[in-house]
Amino acid sequence: MAIAFDGVNQYLNKPSALFSGTSGTDFDITFVCWARPDNRHDGYIIAADNGSSYADGWGIYTVGGGKFSLRFESSYAIGTTTYANSNTTWFHLAGVWQYGARTLYLDGASEATNTSNRDMVLGNADNFYIGNSRLNTHFEGKIAECAAYNASLTAAEVATLAAGFSPLFVRPDKLVGYWPLGGPYAPDNTDLVGGNTLTINNSPTSEAHPRIIYPTPPPAVMVAAGGQAVRAMHHYRMLRCS
């Protein structure tokens, strides 16, 4: 099952940093997720920030014109693809953040980029959200299969995820968090690899999960110090959740 958010006050969060680091120029991170916005609106799908300002924050969100955007501090890279009100389509989204470039991917293809240099101290982003941000810009719609990587995924790796493969198949050694938000392996708020279980705020509901290919039987994931998954089971059969 995915999670459905009402766009008013429902979200998941944890008041701690997913990433460590003190340098503002040496970082490579990726957020990925599936999202099905109900209508055109301003709403954060997945985000991290310092709880009080744009500094050292980033996220993926929808804008009122029915487009997707990548946030990095007070700047952004906005896509051109639009969705309609009363939308019923699932979209795969990925954001890659580096000092010299940020890229938003939509359904496995590059959707928007920004190549200005931008410092971000990852350890300062000590609030993590699904379905919201510090701005209380709540998402209206469904979210599933969120993951955070301590690496910049390649275009080919993003395309693999957009094809419906679980993040457990793509660079599992670099995962710092994976929240299927339902599916066969975990409750709605559980981090399958990093121990970052989220607080559920105001009782969002469960909805049908997008069609995903998982390892099965349930993956044996070993968690190292710092919460990074260091191994995922490689003996598997294909299991789909739809």
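Trainee: Is isoleucine 200 buried, exposed or partly exposed?
Mentor: Isoleucine 200 has a relative accessible area of 40%. Buried would need under 20% and exposed over 50%, so isoleucine 200 counts as partly exposed. Keep in mind that this is a predicted model.

Trainee: OK, and which strand is isoleucine 200 in?
Mentor: Isoleucine 200 is found in β14.

Trainee: What does isoleucine 200 touch, leaving out residues up to four places away in sequence?
Mentor: Tyr11, Leu12 and Asn189. Leucine 12 is 188 residues apart from isoleucine 200 along the chain, yet their C-alpha atoms are separated by 4.8 Å.

Trainee: Where does β14 stand in the sheet?
Mentor: The open sheet has 7 strands, in the order β7-β6-β5-β4-β11-β2-β14, with antiparallel pairing. β14 (199-201) is at an edge, and so is β7 (75-78). Each has a single partner strand, so one side of each has no neighbour in the sheet.

Trainee: How many degrees does the twist average from one strand to the next?
Mentor: The average is 25 degrees.

Trainee: Which residues are closest to the centre of the largest cavity?
Mentor: Tyr44, Ala48, Asp49, Tyr54 and Arg71, out of 13 lining residues. β4 comes up again here, as it gives the most to that lining, with 4 residues.

Trainee: And how does the lining of the largest cavity divide by residue type?
Mentor: Into 6 nonpolar, 3 polar and 4 charged residues.

Trainee: What about the second largest cavity, which strand gives the most to its lining?
Mentor: That's β3 (residues 28-37), with 3 residues. The lining includes Val32, Cys33 and Trp34, along with His92, Glu145 and Phe165. By type, the lining of the second largest cavity divides into 7 nonpolar, 2 polar and 1 charged.

Definitions and conventions. Residues numbered from 1 in each chain as written. Predicted model: local features only at pLDDT ≥ 70, side-chain atom pairs only at ≥ 80, totals over all residues. Heavy atoms only, no water. Pairing = 2+ DSSP bridges. Helix = DSSP H or I, 4+ residues; strand = E, 2+ residues; numbered from the N terminus. Axes fitted to C-alpha atoms, helices over the stretch in contact; angles between N-to-C directions. 1 Å grid on protein atoms, 1.4 Å probe; cavity = no way out; pocket = protein on both sides within 12 Å on 5 of 7 lines; lining within 4 Å. Nonpolar A, V, L, I, M, F, W, Y, C, P; charged D, E, K, R; others polar. Buried < 20%, exposed > 50% of the residue type's maximum accessible area, 1.4 Å probe, protein only. Contact = heavy atoms within 4.5 Å.
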